[in-house]
Structures are given as C-alpha cells and as structure tokens.
Amino acid sequence: MAPLRYSLIEFFREHTACLAAYSVDCRIDAAKGSVHRLRVTLKNLKGLMVLLYDLDPDNKGKPGLPPHLRELFIVTGRLRDMQVLEAELLVQETGSRVKFPGIRSLLLGEKRCCQDRIEKVLGDLSCPSESEAISQYLYRVISHYSTDGEIEERISKYMQRTWKKILALFTRPHTVENLHRIRIRIRNLNSALAVIGPDSRIHQALPFAPKDLRVFQQLLGKWHDVAVFREKVREYSEHIRGRDPRAGNLEILMQGLTLKQRNMKRRIQRFMKRLTGD
C-alpha cells in the first residue's frame, strides 16, 4: 500500500492531467460527455482542496478551487442541471401526454448561456498556473506532518466529525434546506474517500459503509434535481401567469414534480433510518 502522502500527490497529478485533457475536449466539442467528465474532475479536485483545508493548521478563509477553476465548476454544474432537467421534462411530458414548449425553450436558452460562458472561461483559463497553485498548497500542507500516521489521524477525525454533523441534521425537519446541507456533507465525505483511496487504513475506523454513502449521495442528487426543476417551473409559471393561455398546463407539470419529489423524500428518509440503524 502506497504511503498516504504519495496517494494525495498521485490523486492530484492524475486529476490535473485529466483537467488539461478534458478542457481541450470541451473547446473542441462541448457535448454532454466532455462537460460531464470535466465536471467530475473539478468536483474531485474541489474535494481534495476541502480535505487539504482541514489538514492545514494555518487555514484561513474558505476552502475551494482557484478562481477560474471555481467559476468553471459552477458553470459546468449549471449546464449539467439544465441537461438533467431536459431529461426530466421529457419524462413528465411522456407521463402526462402534455407538451411544455415554454419550459423547454427556457432550458434551451439557459443551456446556451452556460455553453457560451464555459467557452469564455476556458479561453481565459491557464490550467498549468491554476494547477500549480493547488500543487503548492498540497505540498505546503503535507510538509506540516512528519508521518503518514499523523495525516491519517487528522483525516479520520475530519470524516468522523463530518459524519456527526450529518447525523445531527438527520434529526432536524427534513426541509429542502436541511436535505441540501446533508447532500453537501455527504458529497464531501465521498470526495475524501476518493482522495485517500480504497486501501487506506482510515476505512477501518469509518462508522459507515462507503458503498452506502455513494448510494445515498445518488438518492440525494436525484431529489435535488427534481427540487430545482420544481422551483424553476414555479418561477416561470408566476412570470407568465395572465399573459400566456398555456400557463394552466404548468399545473400538470407541477403536480407530477411534486409527487416525484415527495416519493424521493420518502426513499431518502428510509435510507436515513438504514444508515443510522433506527
């Protein structure tokens, strides 16, 4: 098993190489696959930065990516949301046998704006310089620790502390805001697991099964997609009410999304009970 500090360095090198390659792919063809690969790479690099921030005894401000990578992470996330919402719209149209051209046009417009913004950010992005900023931070942080055991202990405490926060959120009302907070913390834990790798001794001290955590993140992600779409339809419905005779059709779409969101929430609550043993 490779020393943990080498695993962190190798994780960084692998993802910065992918970052450079996928950035070129997106410039050539900003298709769904290339944007998704870029988004996953950025998400993993952000997970590395969050973990390093917790390891850093001198941390200040907030953890995160360098400026252009941070903006690229945000805008690729928005584009991904629009792509997912388009797919969900097709599901709802098929189920209700009603077309929603206004919503489809809205999503298409937002997709184009995101694609234009991605092209602009990629044009301004210097992968070597921003990757170098992460590299310098990585080496500075791990230089504070003389042994791998010290790093393992710190990461283990970070993961256990994050898990306790998640359990505390479980006990609160399952509002949209609290489920979103749970989702972010679950994502941070899964990112940390990806960084340390499957063979780390840290896994032995985890109070949860990594596989369960991945499944839970997927459930929360699907619920979040429906919640975002429902809010977008609500805002659009209010915007066109009284000006477009087709506005009434949106009630059908809202009903379908509300039902799906309610069912997803039940599945999440059942999974919560499974994770906590209640």
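Colleague: How many salt bridges does the structure hold?
Modeller: There are 15 salt bridges in this predicted model.

Colleague: Start with Lys260. Which residue does Lys260 form a salt bridge with?
Modeller: Glu88. The closest N and O atoms of the pair are 2.8 Å apart.

Colleague: What does that pair tie together?
Modeller: Lys260 lies in helix H9, residues 250–276, and Glu88 lies in helix H3, residues 67–96.

Colleague: Is Glu88 buried or exposed?
Modeller: Glu88 is buried, because its relative accessible area is 10% and the cut-off for buried is under 20%.

Colleague: And what about Lys260? How accessible is Lys260?
Modeller: Lys260 has 29% relative accessibility, so it counts as partly exposed.

Colleague: Now Asp212. Which residue is the salt-bridge partner of Asp212?
Modeller: Arg274, with the closest N and O atoms 3.0 Å apart. This pair also links distant parts of the chain. Asp212 is in helix H8, residues 210–240, and Arg274 is in helix H9. They are 62 residues apart.

Colleague: Which way does each one fall, buried or exposed?
Modeller: Asp212 counts as buried, at 18% relative accessibility. Arg274 is exposed, with a relative accessible area of 55%.

Colleague: What does Asp81 form a salt bridge with?
Modeller: Arg80. The closest N and O atoms there are 3.3 Å apart. Arg80 is partly exposed, at 29% relative accessible area.

Colleague: Which residues are linked in a network of salt bridges?
Modeller: One such network links Asp54, Arg154 and Arg161.

Colleague: Change of topic. How far does helix H7 reach?
Modeller: Helix H7 covers residues 176–196, which is 21 residues. From first C-alpha to last, H7 reaches 31 Å. That is close to the 30 Å expected at 1.5 Å a residue.

Colleague: What comes just after H7?
Modeller: Gly197, which takes a positive phi of about 85 degrees.

Colleague: Last one. Where does Glu251 lie?
Modeller: Glu251 lies in helix H9. Glu251 is partly exposed, with a relative accessible area of 42%.

Colleague: How far apart are Glu251 and Cys26?
Modeller: In sequence, Glu251 and Cys26 are 225 residues apart. In space, they are 37 Å apart, C-alpha to C-alpha.

How values were computed: Residues are numbered from 1 along each chain as its sequence is written. This is a predicted model: local features need pLDDT of at least 70, side-chain atom pairs count only at pLDDT 80 or more; totals for chains, interfaces and linings use all residues. Side-chain values use heavy atoms; hydrogens and water are left out. A salt bridge is a side-chain nitrogen of Lys or Arg within 4 Å of a carboxyl oxygen of Asp or Glu. Buried means under 20% relative accessible area, exposed over 50%, partly exposed in between (1.4 Å probe, protein chains only). Helices (H or I, at least four residues) and strands (E, at least two) are DSSP runs, numbered from the N terminus. The expected span of a helix is 1.5 Å times one less than its number of residues.
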